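Visitor: I am new to protein models. Could you show me how to read one, feature by feature?

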Amino acid sequence: MSGLIDYIAPFIVAQIVSFAIGYSPTDFGTGLLLGWVIFLFPFGWALYMGYMAGETGQSIGMKQSGLRLVGEQTGQPIGSNQGVVRNLLLLPGFFCCGLIVIVDALFPLWDPKKQTLRDKIAKSVVIKSA
């Protein structure tokens, strides 16, 4: 659920804004600049959610879902830099193939610690908030 709020919702909002203003990818000039802003907004938002999760232990979606991101060893928030790096690992999946994102999302189903691939690389774990 938190992933829908943190990652999918910004893509949907960007598409709705694009449709509402009548943006077409074939526009040039200011339309091209606006297109890049609309295209990059969800990625910037995902990195900001990583920053929030690393700094405070919770992104907006995690707060709504009652989850918390902590370091596997320390049990404390992993820090803003590590949170951004953790979410940066999603970006190649969005750009080249969604398979990486799907495997990352499904990985907790068979992992004994219920970690995603991003969590394994960042040495973090998502737990229920107290």
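Visitor: Let me begin with a helix. Which residues of helix 4 are buried?

Guide: Keep in mind that this is a predicted model. The buried residues of helix 4 are S80, G83, R86 and N87. Look down the helix axis: these buried residues fall within an arc of 120°, so they line one face of helix 4.

Visitor: How much trust does the predictor place in the protein? What is the mean pLDDT?

Guide: The mean pLDDT of the protein is 83. A pLDDT of 70 or more is reached by 87% of the residues.

Visitor: Which element has the lowest mean pLDDT, and which the highest?

Guide: Helix 5, residues 91-95, has the lowest, with a mean of 68. Strand 1 has the highest, at 94.

Visitor: Now charges. How many salt bridges are there?

Guide: The general idea comes first. Side chains of opposite charge can pair when their charged atoms come close. The cut-off here is 4 Å between a side-chain nitrogen of Lys or Arg and a carboxyl oxygen of Asp or Glu. By this rule the count is four salt bridges.

Visitor: R86 was on the buried list of helix 4. Which residue meets the side chain of R86 in a salt bridge?

Guide: D119 does, with 2.7 Å from N to O. D119 belongs to helix 7 and R86 to helix 4, so this pair ties together parts that are 33 residues apart in sequence.

Visitor: Is D119 buried or exposed?

Guide: Buried, at 1% relative accessibility. R86 is buried as well, with a relative accessible area of 3%. The cut-off for buried is under 20%.

Visitor: Which residue forms a salt bridge with E72?

Guide: K113 forms it, and the closest N and O atoms are 2.5 Å apart. This pair links distant parts of the chain, 41 residues apart. E72 sits in the loop between strand 1 (67-71) and helix 4 (80-88). K113 sits in the loop between helix 6 (99-106) and helix 7 (117-122). Check the surface too: E72 is partly exposed, at 29% relative accessibility.

Visitor: Let me try D111. Where does D111 lie?

Guide: D111 is in the loop between helix 6 and helix 7. With a relative accessible area of 7%, D111 is buried.

Visitor: What does the side chain of D111 reach at 3.1 Å?

Guide: The backbone nitrogen of K113. The side chain of D111 also meets that of K120 in a salt bridge, at 2.9 Å from N to O. K120 counts as partly exposed, at 35% relative accessibility.

Visitor: Next, backbone angles. What is phi of K114 near?

Guide: The angle to look for is a positive phi in a residue that is not glycine. Phi of K114 is near 60°, and K114 is such a residue. K114 lies in the loop between helix 6 and helix 7. Its relative accessibility is 52%, so K114 counts as exposed.

Visitor: And K123? What is its phi?

Guide: K123 has a positive phi of about 55°, and it is not a glycine. K123 is in the loop between helix 7 and strand 2 (124-128). K123 is exposed, with 55% relative accessibility.

Visitor: Which helix gives the largest share of the nonpolar patch?

Guide: Helix 6, with four residues. L99 is found in helix 6. At 57% relative accessibility, L99 counts as exposed.

Visitor: One last step, on sequence and space. How far apart are S18 and F39?

Guide: Along the sequence, S18 and F39 are 21 residues apart. In space they are 9.2 Å apart, C-alpha to C-alpha. S18 is found in helix 1, residues 2-20. S18 is buried, with a relative accessible area of 12%.

Technical notes
Residues are numbered from 1 along each chain as its sequence is written. This is a predicted model: local features need pLDDT of at least 70, side-chain atom pairs count only at pLDDT 80 or more; totals for chains, interfaces and linings use all residues. Side-chain values use heavy atoms; hydrogens and water are left out. Helices (H or I, at least four residues) and strands (E, at least two) are DSSP runs, numbered from the N terminus. Buried means under 20% relative accessible area, exposed over 50%, partly exposed in between (1.4 Å probe, protein chains only). A polar contact is a pair of N or O atoms within 3.5 Å; within protein, one must be able to donate a hydrogen and the other to accept it, and residues adjacent in sequence count only if both atoms are side-chain atoms. pLDDT is the predictor's confidence in each residue, from 0 to 100. The arc is that of the directions from the helix axis to the C-beta atoms.
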